Amino acid sequence: MDTAIDLNNTISDIQEMIIALQHGAIQLEGQFLNSSNYTFLGTLTFEGKTMRVVYKPRKGEQDLWDFAKGTLTRREVAAFTLSLALGWDLVPPCIYRSRKTPLGAGS
């Protein structure tokens, strides 16, 4: 199941994805090597359904001069929330998860 939002996704589809992202089991498959921050491709399984996910642990963030340290994962969640609220359908579902993650809290 692709987590990308498109105009065919209903609010209930997005809500189901959010619940799965919050509670599903994450299995890492590999790391994106040409990324400035630690970024991993994984599989998330929840209630018998599986989807591909991107996981970014907070402790793998690189500091930027123009943002507070350790805020990238929260800014990604904010971008999804704003895109959803404005009906832009530009940002895939994204949550901040602090427990049951392979490398600690992240998005």
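A salt bridge is a side-chain nitrogen of Lys or Arg within 4 Å of a carboxyl oxygen of Asp or Glu. The model is predicted: local features need pLDDT of at least 70, side-chain atom pairs count only at pLDDT 80 or more, and totals for chains, interfaces and linings use all residues. Residues are numbered from 1 along each chain as its sequence is written, and side-chain values use heavy atoms, with hydrogens and water left out.

**Exercise 1.** Find the partner of Lys56 in a salt bridge, and say where both residues lie.

*Solution.*
Step 1. Lys56 pairs with Glu76, with the closest N and O atoms 2.7 Å apart.
Step 2. Lys56 lies in the loop between S3 and H2, and Glu76 in helix H2, so the pair ties together parts 20 residues apart in sequence. Helices (H or I, at least four residues) and strands (E, at least two) are DSSP runs, numbered from the N terminus.

**Exercise 2.** Classify Lys49 and Glu16 as buried, partly exposed or exposed, and describe their contact.

*Solution.*
Step 1. Buried means under 20% relative accessible area, exposed over 50%, and partly exposed in between (1.4 Å probe, protein chains only).
Step 2. Lys49 has 51% relative accessibility and therefore counts as exposed.
Step 3. Glu16, at 46%, counts as partly exposed.
Step 4. Their side chains meet in a salt bridge (3.9 Å, N to O). Because Lys49 lies in strand S3 (residues 49-55) and Glu16 in helix H1 (residues 11-23), the pair ties together parts 33 residues apart in sequence.

**Exercise 3.** State how many salt bridges a search of the whole structure finds.

*Solution.* The search finds three salt bridges. One of them joins the side chains of Glu29 and Arg52 (3.0 Å, N to O).
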